[in-house]
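Here are my notes on this model, point by point. Please read them with the coordinates open.

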2 protein chains.
Amino acid sequence: MESYTEENYLKVIYHLSNLTTGTVQTNAIADKIQTRPASVTDMMKKLAEKQLINYIKYQGVTLTEKGKATAVNIVRKHRLWELFLVKTLHFKWDEVHEIAEELEHVNSPLLIERLDEYLGYPKSDPHGDPIPDKNGNFDSPALIKLSKLKPAEKGIVVGVSEHSSSFLKYLDKIKLTLGTTVEMIEVIEFDGSVDLLIEDIRKNISREVASHILMRTT
Amino acid sequence: MESYTEENYLKVIYHLSNLTTGTVQTNAIADKIQTRPASVTDMMKKLAEKQLINYIKYQGVTLTEKGKATAVNIVRKHRLWELFLVKTLHFKWDEVHEIAEELEHVNSPLLIERLDEYLGYPKSDPHGDPIPDKNGNFDSPALIKLSKLKPAEKGIVVGVSEHSSSFLKYLDKIKLTLGTTVEMIEVIEFDGSVDLLIEDIRKNISREVASHILMRTT
DNA sequence: AATTTTATTTAGATTTATCTAACTTTATTA
DNA sequence: TAATAAAGTTAGATAAATCTAAATAAAATT
């Protein structure tokens, strides 16, 4: 069994290696986990000893199969809980992340099995992220960042790659929520911001925001 | 904020002082929490420093108002989760204790508020134990142990004072579940076991078991 | 009351996860 | 490529929760 802390490290490594598809650096982990690089190094040694990561001094880490399976299971629990909070307890999508961060560490495979069943074996969470099944499998639809849409191209918002409450609240405000259809008008060369048509209203959003919104083109 | 461990100590002290209405001894806590008396003493000093308990060396402890409020809140969370597991996720009453032991430590007042609302502000959990409300209030109906019923007296099973799976499974087996009406036939003087009428069938159960079944007389 | 038993506490050690400060390795750039 | 900057590691320390073994206090018994 992994400790609460070990689970968090594995989860963070998993998320960071998803973004770069390569190895994960010590400082990146320290940043995400809000700790010191020295603490990360200590933990890397421990996780390597437990065969959960491949660790080469000064070279960063990758997850082993075992480590990846553990991480995916935590992600599965996190996303099932988020969906439960929104669907059953009527939380808003920007309120669930922190609570799920705690719930994901509750260790009862049967509980998660039952929760999955209760929710109808869902395929995605309230932010559009895929929910791995019991065996860790999930399909990641081919997604494109909103910032990469071509002029006149249309797409549906299916996910976000940033889960902070302030970001999600902002999306609610400008009506850029999951399932919304958006048409690209143009990318402003000067600052990379984008002019969009959101439900027939023309809006400009920053490059920063547009790069965290994931679309499926239609 | 209290740590996971501190919360467990407070909960155990609360439950033990309920039984004796007096102070709680070091060894009793050590026993319940499966740790050494020396560890309990260490923790008692810490909890006393935080004003959660009144601690006098060699004399045992009592909860302060603050400590009691904290303990009651944990009990509230535990019982709400147990009810959720049974009502919504279709667990059996003997399967929920261990899972609730973990869930009770998730710290989100809003989550518990919503869960309470979702469950319809219930007054008792699947074992018949009262669920404290948001302010820590609950009514403890005047209960009598099954072992104390007088011959020919009838009562309804409303709770149990033992939550082990083996005990609850046994109750299921002999059809002595919550809500069942039972009539006392006689107490066998020799071993204190009781002859009962349970749904028109005459059964004998041990003093030990009968003393853990709580009744409301009818 | 003296002795024995039981309950509790103290002292000092251990484990886990963290830290700071100093040092080493790798990467960048002038 | 030598110097500088950035990234990562090591060594030694700290806090939380636990332990064992020894000491002390309270309770029970002769």
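1. First, a term. Helices are DSSP runs of H or I with at least four residues, numbered from the N terminus. The model is predicted. With that naming, α3(A) gives the largest share of the surface near DNA strand C, 5 residues.

2. DNA strand C. There are 21 residues around DNA strand C. The nearest are A:S3, A:A38, B:Q25, B:N27 and B:A38. Both chains take part: α1 (4-20) and α3 of chain A, along with α2 (26-33) and α3 of chain B, each give two or more residues to this surface. By class, the surface near DNA strand C holds 7 nonpolar, 9 polar and 5 charged residues.

3. DNA strand D. Which residues come nearest to DNA strand D? They are A:Q25, A:N27, A:A38, B:S3 and B:A38, out of 21 residues around DNA strand D. The elements giving two or more residues here are α2 (26-33) and α3 (37-49) of chain A, with α1 (4-20) and α3 (37-49) of chain B. The most comes from α3(B), with 5 residues. The class count for the surface near DNA strand D is 7 nonpolar, 9 polar and 5 charged.

4. The chain contact. On chain B, 14 residues are in contact with 14 residues of chain A. Two helices of chain B, α5 (97-103) and α6 (109-118), each supply at least two residues of the side that touches chain A. The largest share of that side, 4 residues, is from α6(B). Its classes are 8 nonpolar, 4 polar and 2 charged residues.

5. The hairpin in chain A. Strands β1 (residues 53-56) and β2 (residues 60-63) of chain A pair antiparallel over 4 bridges. A:Y55 has A:V61 in β2(A) as its bridge partner. The hairpin of β1(A) and β2(A) has 3 residues between the strands. In the turn, A:Y58 has a positive phi of about 70°. Check that residue when you inspect the backbone.

6. The sheet in chain A. How many strands does the open sheet have? It has 6, in the order β3-β8-β4-β5-β6-β7, with antiparallel pairing. The edges are β3 (144-145) and β7 (201-205) of chain A, and each pairs on one side only.

7. Strand β6 (residues 194-198) of chain A is joined to β7(A) by 5 bridges, and the two run antiparallel. Within this pair, A:D195 is bridged to A:N204 in β7(A).

Definitions and conventions:
Residues are numbered from 1 along each chain as its sequence is written. Chains are lettered from A and ligands numbered from 1 in the order in which they are written. This is a predicted model: local features need pLDDT of at least 70, side-chain atom pairs count only at pLDDT 80 or more; totals for chains, interfaces and linings use all residues. A residue is near a molecule or strand if its C-beta atom, placed from the backbone, lies within 6 Å of it. Ala, Val, Leu, Ile, Met, Phe, Trp, Tyr, Cys and Pro count as nonpolar, Asp, Glu, Lys and Arg as charged, and the others, Gly among them, as polar. Two strands pair if DSSP finds at least two bridges between them. Two residues are in contact if their C-beta atoms, placed from the backbone, lie within 7 Å.
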